[in-house]
Amino acid sequence: MKRILILLVLLSTTFAQSQEKTFEKEVNKISREIDRITKSHKDSLKIKVKEINKKLERKELTYSEAEKLKKDAAIYHASKIEELVSAEEQKLQQLVQDKTNGKIASEDDDYDTFTIGKKTFKFKLFDDDDDDDDFFKRKRRRNKRTTTQFVFALGVNNVLVDNDFGSLNNSNYKFWQSHFYELGFTWKTRLSKEPSMAYFKYGVSFLWNNLRADNNLYHVVNGDQTNLVVNPNTLSESRLRHVQMIFPMHFELDFTKNKTYSDGEIGDRTHDDFRIGLGGFFGFKLGTRQYLEYVNPQGVRIEEVQKNDFNTNTINYGLSAFIAYEGIGLYAKYDLNPLFQNTDIRNISLGLRFDLN
């Protein structure tokens, strides 16, 4: 579980930090390379001149010989600067051509800019006749209807018997020691074309549900029944874990205030205020295991991993809801189908949910 969590977090971070190749960034690279070339050869020339002056002071060279060596060095480095900078200028010309042909994007809506040294150049590649096209491009970007989020949730797990919340008081599972973890991605689509509060949120997640039995109980399969019975050994761990792949769907109200741009256009913004989500999920179980730990009569510590379906239902579906502020919220899930076949036991989960937009 820890390895999977670390891997997904690293992948998410790498994905979030990846940057699009743009005209300005490529020009800045060329600019920095020109500065590096110029500085490198100027520094080399200074070193050579200093060495020539030392030889002149030691009378290893005459004045005319020293001046000739300085002039030769200056000509050499000037030619190298011209040669290398010319190559970079050709790259710049090709970059401008690519921008004109629409092969590379720009960070500026109205103007293209680039900097060489301390000087910044700003120009338009298109005539004013294309302003309408630029307007619609900006509109699509500002009012993007679908966004994606990385979801991580965790909390406590337990069961209800016959849909009765009062059964939690007599549960055979430890409340605070039974945990769930959820990792996944969601897509969030605005229901209207124009900015609004209403969204449909859907995605895919992997869910780890853990139930730790209390009072030295553990699960035993008896035909088509799964029962909790007392173990003859003193258990330090008795945990049933079932892993699921689920597809959550929520109707979400996002109360984030939209942004009004200088041109009067309203841009859609999300995940900056309170959010409420109501919906459900469906999916299927990927596997079930029981973990037992105890010390046998000979004093040997035993760790058992029992692989079995334990008569758990393969298909899973239920209700879920969350209330959140920005990217953090309270999360609740309740299975509508029984956890075990031929029972009225249903899983319930309460915890925290993180939506990284």
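In helix α2 of this predicted model, the buried positions are Phe-23, Glu-24, Glu-26, Val-27, Ile-30, Ser-31, Ile-34, Ile-37, His-41 and Ile-52. The helix has 35 residues and spans 51 Å from its first C-alpha to its last, close to the 51 Å expected at 1.5 Å a residue. Just after α2, Lys-59 adopts a positive phi of about 60°.

**Nonpolar cores**

- The largest nonpolar core has ten residues, namely Phe-23, Val-27, Ile-30, Ile-34, Ile-37, Ile-81, Val-85, Leu-92, Leu-95 and Ile-104.
- At least two residues of this core come from each of α2 (23–57) and α3 (63–100), and α2 is the element that gives the most, with five residues.
- In soluble globular proteins, nonpolar side chains tend to be buried together.

- Lys-285, which lies in strand β11 (residues 274–295), is buried but has no salt bridge.
- The side chain of Lys-285 does, however, reach a backbone oxygen, that of Asn-313, at 2.8 Å.
- Apart from neighbours within four places in sequence, Lys-285 is in contact with His-242, Val-243 and Gln-244, with Thr-312, Asn-313, Thr-314 and Asn-316, and with Leu-339.

Terms used
Residues are numbered from 1 along each chain as its sequence is written. This is a predicted model: local features need pLDDT of at least 70, side-chain atom pairs count only at pLDDT 80 or more; totals for chains, interfaces and linings use all residues. Side-chain values use heavy atoms; hydrogens and water are left out. A nonpolar core is a set of buried Ala, Val, Leu, Ile, Met, Phe, Trp, Tyr and Cys residues joined through side-chain atoms within 4.5 Å. Buried means under 20% relative accessible area, exposed over 50%, partly exposed in between (1.4 Å probe, protein chains only). Helices (H or I, at least four residues) and strands (E, at least two) are DSSP runs, numbered from the N terminus. Lys and Arg count as positive and Asp and Glu as negative; His and the chain ends are not counted. A salt bridge is a side-chain nitrogen of Lys or Arg within 4 Å of a carboxyl oxygen of Asp or Glu. A polar contact is a pair of N or O atoms within 3.5 Å; within protein, one must be able to donate a hydrogen and the other to accept it, and residues adjacent in sequence count only if both atoms are side-chain atoms. Contact means heavy atoms within 4.5 Å. The expected span of a helix is 1.5 Å times one less than its number of residues.
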